[in-house]
Amino acid sequence: MKNITVIGSGTMGNGIAHLFAQNGFAVALVDINPTSLEKALKTIANNLDRQITKGTLTEDSKTQTLGNITTFTDLQKGVANADLVVEAATENIDLKLQIFKQLDEFAPKNAILASNTSSISITKIASATARPTQVVGMHFFNPVPVMKLVEIISGYATDKAVSQKIFELSTQLGKVPVVVNDYPGFVSNRILMPMLNEAFYALFEGVAGVEEIDTVMKLGMAHPMGPLQLADFVGLDVCLNILRVLHEGLGNPKYAPCPLLVNMVEAGHLGAKTGKGFYEYVPNSKATLVAERFR
Ligand code: 3HC
């Protein structure tokens, strides 16, 4: 595989493009929004600068990495030479079905079509195409250049050889791949989201405050971020969507999203990206403060 197309240039899309480009692949980054593409290239350049400051990357490699990325606003042109497409668009099932229909129409017939979805069924996504055996989940973790795991999801119809190819490719990218089957939340979010939901309930029921809950998990369980900070980092709307997929898909009331989370999302307090969640965020700063209503 040489030519990789990444669909969507948001947080996950730009991280995935960064990773492939830094490993020498030709990357076509596609987004209907040209402003989002410009922002993505700036983010990638800033993250490469971090690596230069750390002494893990040279200026030349930065130039090469950025030179490996071409941007497109036209999906048909962006996928024309793809060996692999990794879709990282918004987590909306109708949008993904529509994108996969187009990918199937415009990508070369032998191309593998992967989705970075965090919870939408790969089997369902594959059903929008005439090549379900070549559709697979390739689930990265934020920040993509840093997090080691790639969760590979085999849909009901995915060919074993296709999962194996993605496994080998992930290893080539310096990641540790794990293959799982296609059930709601896969493994990562089936386990992560109920843990985060329990932290929301602990706060909601007044068991402890934001800082206490996060400190318990950071220092007691050696998690790099506490569950409430992590939820803000992932996006509270994303957490709510995934919990709803688990609740509906598994039919068990234990996955019901905490009413506090529902209220926060309805109020538009979505975490770091909106500047407010369980914490408040100062732009361009690492500083976080417990949000006023939880103090
Ligand atoms: N791009 C590239 N490098 C980055 C980066 C980015 N966006 N963000 C951080 N880094 C690098 C830094 O350069 C640094 O590198 P070093 O280890 O070589 O020094 C390293 O990551 C640590 O960064 P910082 O010192 O700035 O910050 P922290 O030490 O606070 O670490 C963190 C930041 C890596 C985000 C850490 O807090 C962490 O691991 N948090 C948990 C992240 C997590 O759980 N992610 C998964 C979320 S779930 C998900 O994505 C799935 C979805 O389906 C919901």
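I take buried to mean under 20% relative accessible area, exposed over 50% and partly exposed in between, with a 1.4 Å probe and protein chains only. The model is predicted, and local features need pLDDT of at least 70, side-chain atom pairs count only at pLDDT 80 or more, while totals for chains, interfaces and linings use all residues. Residues are numbered from 1 along each chain as its sequence is written, and side-chain values use heavy atoms, with hydrogens and water left out.

**Entry: Ser154**

I located Ser154 in strand β7 (residues 149–154); strands are DSSP runs of E with at least two residues, helices are runs of H or I with at least four, and both are numbered from the N terminus. Ser154 counts as buried because its relative accessibility is 14%. I then listed its contacts (heavy atoms within 4.5 Å). Beyond neighbours within four places in sequence, Ser154 touches Ser163, Val179, Val180, Asn181 and Asp182.

**Entry: nonpolar cores**

I looked up the nonpolar cores, which are sets of buried Ala, Val, Leu, Ile, Met, Phe, Trp, Tyr and Cys residues joined through side-chain atoms within 4.5 Å. The largest has 32 residues, and those touching the most other members are Ile16, Phe20, Leu84, Val86, Met138, Phe140 and Ile166. Helix α1 (residues 11–22) supplies the largest share of this core, six residues. A second, separate core holds 29 residues, including Phe200 and Val265.

**Entry: Met138**

I checked Met138 with neighbours within four places in sequence left aside; its contacts include Phe20, Leu84, Val86, Ile166 and Leu173. Among its other contacts are Ser115, Asn116 and Glu151.
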